[in-house]
Amino acid sequence: MEDGLILLGYNISMFAMRVRIALDEKGIEYEYREERLDNKSPLLLEMNPVHQKVPVLIHNGKPVSESLMILEYIDEVWKDKPPLLPSDPYQRAQARFWADLIDKKARLFYEYYSKYPQCVIVVFAELIAPHNAYFQIYINGGRRVWFSKGEELEAAKKELMDGLKLLEGELGEKVYFGGDKFGFLDVALIPFYNCFDSFESCGKLRIEEHCPKLIAWAKRCMEKESVSKSFAVAPPSMIDEYILMTRKKNGNTE
Amino acid sequence: MSKDELFLLDFGLSPFCIRVRIALAEKGLQYKGQEEDLFGGKSELLQKSNPIYEKVPVLLHNGKPILESTNIVYYIDETFASPPLLPACSYGRSRARFWADFIDKKVFDGGAAIWRSKGDELELAKNEFIDILKKLEGALGDKDYLGGEKFGFLDIVLIGSSSWFPTYERIGGFKIEDECPKIGAWIKRCKGRESVAKTLPEPHKVCELVGMLRKMHGIE
């Protein structure tokens, strides 16, 4: 196995995008290898046999997987570069908590966006707003989704906005979630900004009207080279293509 | 408030709370606690400390809440250095985090799928659960502990769930020591440890709780 740093990713994977942003923020050189999700490389299967997912960071032949774990690893190993996580244990716990919340819900989103396009708002609501009285979304064998259009969709839109406001509240008057500096939680969340356009057009939402601070934050992040560089390889049209491909694969013709 | 006041919002039978109690015991930390009534009505303190999820465990350190059990264990390890729970090297730590994440995502829900189902669904749930344990058995290998030679972070993360295993075994009709003997041996080894022996609840209490939950869900 070769030495050095290899990142296995997928162009529109928001989880892989987190790692790219973090590596660029730290000014770390690495080799990027694009994976095909319908034809995973032997290297990916060898390096992440448990989940067989991207991103995987291979450092001197040893694999690190799960995007937030990779961020922590990068932060520990490249200590001499600007830190992503705060040094205070309590603030670190806070950052991890919020990143975990985003992560939990983002997975739901990924799985359902491809199956139920009209459900994208429902899913994104679950992404950010855990307390929804109107519907329940389960994942994995034996579970089911139930929702209906009309009223529930309207309720879901409200849940979405309530959820985004939760994040807006956490941001507060800070420049970044990390405070004055772009950090761990900013890296964890910003890739999902790529989807905001889709949500707005699907659900006829105007996120900026309701969460101006969040949108201002996202735009600030986009000014960073590490972020804009990552977004450039994954334009929204590519996301739509991915959705279409996954839906066809699932036999969903809706 | 006096220095280092620790207060735990707890639920005795929750594997997630058990983790935190074991971690505190391993570090030799004194703390006070409050058992939450998750079915009758959550305390104001819980609602205030964890407004988003309203879940236990919550550790209050000098009044400041830390949420999510794995997060709490990391926090305890970072704040109270001795003895260290996580490995020293970065790669070892990343592997520990990876498996802790796997355990978090799979074990409790995998077990819940067993007690929530019957018939064919139960058979499926049982097989999936055994599969999850087999993966963990792979991670254990021939080591004494998931952490290596010493009991550590990853052992703490998983051992709390073991008090629920007898209930899963009974409902699913299987034996972990037959399906995953190394995990069975690991459980016995960990129970020999004082922090674990003192903290793990009696399995029959978990059985009673699950029986109640099954009635609530109309399964029995």
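**Entry 1: a buried arginine**

I began with B:Arg93, which is buried at a relative accessible area of 18%. This is a predicted model, so I kept in mind that side-chain atom pairs count only at pLDDT 80 or more. What does B:Arg93 pair with? I found a salt bridge to A:Glu76, at 3.1 Å from N to O. That pair crosses between chains, running from helix H3 (residues 67-77) of chain A to helix H4 of chain B.

Next I checked A:Arg92, which forms a salt bridge with B:Glu78 at 2.9 Å between the closest N and O atoms. Here helix H4 (residues 89-113) of chain A reaches helix H3 of chain B. Are these two residues buried or exposed? A:Arg92 is buried at 15%, while B:Glu78 counts as partly exposed at 27% relative accessibility.

I was pleased to see these bridges link up: through shared partners, A:Glu72, A:Glu76, A:Arg92, A:Arg96, B:Glu78, B:Arg93 and B:Arg97 form one network.

**Entry 2: the whole interface**

On the chain B side, strand E4 (64-67) and helices H3 (69-79), H4 (90-115) and H5 (120-140) each supply at least two residues. H4(B) gives the most, with 13 residues. I sorted that side into 12 nonpolar, 4 polar and 12 charged residues.

The contact takes 28 residues from chain B and 30 from chain A. The buried area is about 2,700 Å², with 60% from carbon and sulfur atoms. In chain B, B:Ile52, B:Tyr53 and B:Tyr91 lose the most area to chain A, together 24% of what that side buries.

**Entry 3: the core**

Last, I turned to the largest nonpolar core, which has 140 residues; A:Trp217, B:Leu136 and B:Trp186 have the most contacts inside it. H4(B) gives the most to this core, with 11 residues. Beyond its neighbours within four places in sequence, B:Trp186 is in contact with residues including B:Leu140, B:Tyr145, B:Leu158 and B:Ile159.

Technical notes
Residues are numbered from 1 along each chain as its sequence is written. Chains are lettered from A and ligands numbered from 1 in the order in which they are written. This is a predicted model: local features need pLDDT of at least 70, side-chain atom pairs count only at pLDDT 80 or more; totals for chains, interfaces and linings use all residues. Side-chain values use heavy atoms; hydrogens and water are left out. Contact means heavy atoms within 4.5 Å. Buried area is the accessible area (1.4 Å probe) that two parts lose on being put together, summed over both. Helices (H or I, at least four residues) and strands (E, at least two) are DSSP runs, numbered from the N terminus. Ala, Val, Leu, Ile, Met, Phe, Trp, Tyr, Cys and Pro count as nonpolar, Asp, Glu, Lys and Arg as charged, and the others, Gly among them, as polar. A nonpolar core is a set of buried Ala, Val, Leu, Ile, Met, Phe, Trp, Tyr and Cys residues joined through side-chain atoms within 4.5 Å. Buried means under 20% relative accessible area, exposed over 50%, partly exposed in between (1.4 Å probe, protein chains only). A salt bridge is a side-chain nitrogen of Lys or Arg within 4 Å of a carboxyl oxygen of Asp or Glu.
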